[in-house]
Each structure stands twice: as structure tokens, then as C-alpha cells.
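Please study the sequence and the structure before reading each solution.

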Amino acid sequence: MSNLPPLLSWQEIQRRLEQIFPVGTSARHRLVNDVASRTVFTALYINAIEGSETALAPKHVYRMTEQQSALTADADRLSYATDIMKAGSHVVGDRWYADTTRESIRDDTLREALVATGAAVEDTTVPTTSGKGRYSLQAAFAALMAPDLTADSLDKAIKNWQENYLNAGALARIAIVRAGAAKGGTHVQVEFPSGETRRLKAGPSSVITKAVIEVFAPRFLADPAVLFVSESGNKVVARDDKLASSIGLSIKADKDLPDVILVDLKPAHPLLVFVEVVATDGPIGIRRKAALEKLALDAGFDLQHVAFVTAYLDRSQSTFKRTAETLAWGTFAWFAGEPEHIVELSADSRIGLR
């Protein structure tokens with residue numbers, strides 16, 4: 001009986017990786033692309049699994065070929081594991097990748113993705129200058145690639161692995177991003193710092209708005225309050241003219257109003273926070289920032305006490321990647337998927353978001 005693990009095709013492994021690392025997983029593209037899938041396949045092919053005596057090197061991956069991967073007898077797999085590491089070794093067929101991909105497989109796929117998420121382990125006793133193998137699949141993760149694990153049993157095994165090995169922050173991020181992508185329900189209920197509630201029309205923008213009010217505001221403002229909230233179609237959901245008036249701000253119906261206006265009442269001079277919610281487009285770029293600055297100045301507010309925030313669902317999504325270069329200096333970017341962090345595009349002056 002074979003001691004080597006049974007094999008799935010690398011394409012089927014890719015489909016499983018997409019289940020194991022759902023949308024919202026940090027650096028997901030590195031975990032579910034063809035390089036990751038072929039790396040996991042190769043590790044299984046040579047039995048580079050935690051607890052075995054075999055370790056994976058990038059060379060095992062980039063010198064693999066489709067023809068070799070189809071040779072699944074134990075003798076073929078074991079000989080590949082050792083022979084490919086020898087100088088002058090040859091494998092029939094075209095290599096999956098060129099020798100020049102060694103560093104990207106090592107750094108991007110193994111160290112920064114599979115090892116970082118716990119799917120693989122690294123033997124740090126192997127010198128960094130050595131060409132020997134130093135990587136193995138985590139045993140519990142490798143078990144998810146068993147061909148006889150299907151349907152409900154696969155779903156259950158994946159869920160158990162996620163709960164046991166993905167940290168709480170990773171799980172929370174996945175849940176937040178999933179909520180933002182969900183199409184179910186007709187509304188999103190938001191609780192304001194005052195305890196008052198409002199309903200927003202269901203959709204990704206509303207999920208981000210909810211996070212801005214319920215998570216961002218209490219985390220980064222000492223004594224937060226909501227002055228204004230709108231949703232798609234410029235529908236005003238809430239506005240507090242009395243509070244705005246008490247701090248010297250006049251909120252006028254204006255096309256330049258942001259999606260959310262928050263205020264921190266703790267400082268001697270309240271801090272005004274303009275927030276643009278970006279589900280598809282509309283970050284605070286140079287022109288948008290200038291329009292919001294004019295709005296604040298016209299209301300008699302000193303710009304030293306104004307902050308500008310673009311709120312996204314998650315930085316792994318294409319929306320952020322597409323709009324990041326247009327963000328204006330002197331603004332902030334915040335991600336609902338990683339609520340404890342904030343990005344500052346530093347300019348000469350610094351605004352007091354904690």
C-alpha cells in the first residue's frame with residue numbers, strides 16, 4: 001500500500017484553495033492562483049507534508065511539467081523528489097515555470113502566502129543560502145486535498161480548518177467582506193453613537209457606511225457623533241442640524257456633501273471628519289478634497305480641524321487597487337475588513353485621528 005498521499009489535479013486543488021481562502025482573505029490572489037495551486041500539488045506529489053522526511057524547494061515547482069505530473073506511481077514521485085535537485089537533472093516536457101521564478105515562488109507564494117496563513121511550514125534550520133528544500137504543507141491543510149473528501153464532508157473539513165488555523169482577525173475580515181458582497185436582505189440597520197438607529201438600503205455601500213459609523217467612529221474618535229449620512233441617489237438618511245449649529249457648521253443641501261460627516265466632540269475645537277464611502281468609485285482625490293475644503297471653509301470651519309477619509313470594504317479588492325493612486329495627499333484611507341488600522345497619506349499638516 002502506498003505511503004504517498006493520493007493526488008488531485010492542480011486545477012482541482014485551485015478550486016479547493018478558492019474555498020479554503022474565500023474573498024476577504026489577506027493576499028488572496030497569492031493563495032488561489034495557478035502558482036499556489038501547482039506549489040501545493042508539487043508538495044503533495046513529493047510528499048512534502050509536515051512530519052515526513054521530505055521538504056519542498058522552489059526548484060521542485062518550477063521544474064515540474066504536465067508530463068511528469070501525470071506519472072503518479074510511487075517510484076516516479078519519489079525519484080522526482082530527489083533527482084530534480086541534482087545538477088544536470090532532466091524532466092520530460094516543458095517546465096511549468098522558468099528558473100527565474102525561484103524567488104517569486106519562494107517569497108510571494110510560499111513565505112508571504114502559504115506559510116503566512118499556516119497552510120505550510122518552513123524549516124528555519126536550513127540556511128537561507130542553501131538550495132535544499134525547507135517547506136512542507138501543514139498536515140491538517142494537506143488533508144483537505146484528499147480526493148475522497150467531497151461535498152458536505154469537504155465543506156465541514158474546510159470550515160474546521162479555518163476555525164482552528166486562521167486567526168480571529170482573518171476570520172473577521174472574511175466575514176466583513178462576505179457581508180459586503182452579499183445580495184440578500186432589503187436593508188442594513190445602523191446604530192449611531194447616540195443609540196439611535198437608521199435603515200439604509202441594502203448594498204455594499206451601506207455595509208461600509210455601517211462600519212464607518214459603528215466601528216470607525218468609536219475607534220478613531222474620542223467622543224463621536226454623526227452629523228450627516230446619505231446613501232446612493234443622494235438620499236439623506238440622517239442629519240443633525242442642531243448639533244451642527246452648536247459647533248458652528250451649517251449643513252446645506254449641496255452636491256458636494258460627502259456620504260458621511262462625523263464630528264469628534266472631545267477636543268476643545270471639535271474635529272470634523274468628511275467620509276466618502278467607496279464601493280465602486282468616488283474616492284477623495286485632489287478635486288474632491290478641494291470641494292470638501294471649500295464646503296468646510298464656507299461653513300466657517302478651520303481646515304486644521306478637518307479630516308478627510310475614504311472608506312473601502314477591503315484593500316484586497318480591485319476597487320481600492322484601481323483608485324489608490326488617485327487618493328489625495330493629506331487624507332486617510334480606512335478598510336472595514338481591517339478596522340483597527342488606518343492609512344495616512346501624510347502631507348505637511350497632521351490631523352488628529354487617533
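**Exercise 1.** Which residue stands opposite Val273 in E8?

*Solution.* The model is predicted: local features require pLDDT of at least 70 and side-chain atom pairs pLDDT 80 or more, whereas totals for chains, interfaces and linings use all residues. Residues are numbered from 1 along each chain as its sequence is written, and side-chain values use heavy atoms, without hydrogens and water.

Step 1. Helices (H or I, at least four residues) and strands (E, at least two) are DSSP runs, numbered from the N terminus. Two strands pair if DSSP finds at least two bridges between them.

Step 2. Strand E7 (residues 260-264) pairs with E8 in the antiparallel sense, over five bridges. Within this pair, Leu262 is the residue opposite Val273.

Step 3. Six residues lie between E7 and E8, and the two strands form a hairpin.

**Exercise 2.** Determine how E8 is joined to strand E9.

*Solution.* Step 1. E8 and E9 (residues 306-312) run parallel and are joined by six bridges. Val273 stands opposite Ala307 in E9, and Glu276 stands opposite Thr310.

Step 1. Between E8 and E9 the chain passes through helix H13 (residues 286-298), in a right-handed β-α-β crossover. Right-handed means that, with the strands pointing away from the viewer, the path from the first strand over the helix to the second runs clockwise.

**Exercise 3.** Describe the two faces of E8 (residues 271-277).

*Solution.* Step 1. In a regular strand, side chains alternate between the two faces of the sheet.

Step 1. Leu271, Val273, Val275 and Val277 point one way from E8, and Leu272, Phe274 and Glu276 point the other way.

Step 2. Seven of the seven residues of E8 are buried (buried: under 20% relative accessible area; exposed: over 50%; partly exposed in between; 1.4 Å probe, protein chains only).

**Exercise 4.** Identify the buried and the exposed residues of H13.

*Solution.* Step 1. Arg288, Lys289, Leu292, Leu295 and Ala296 are buried in H13. They cover an arc of only 120 degrees around the axis (taken from the directions from the helix axis to the C-beta atoms), which puts them on the same side of H13.

Step 1. The face turned away from this buried side carries the exposed residues Ile286, Arg287, Lys294 and Asp298.
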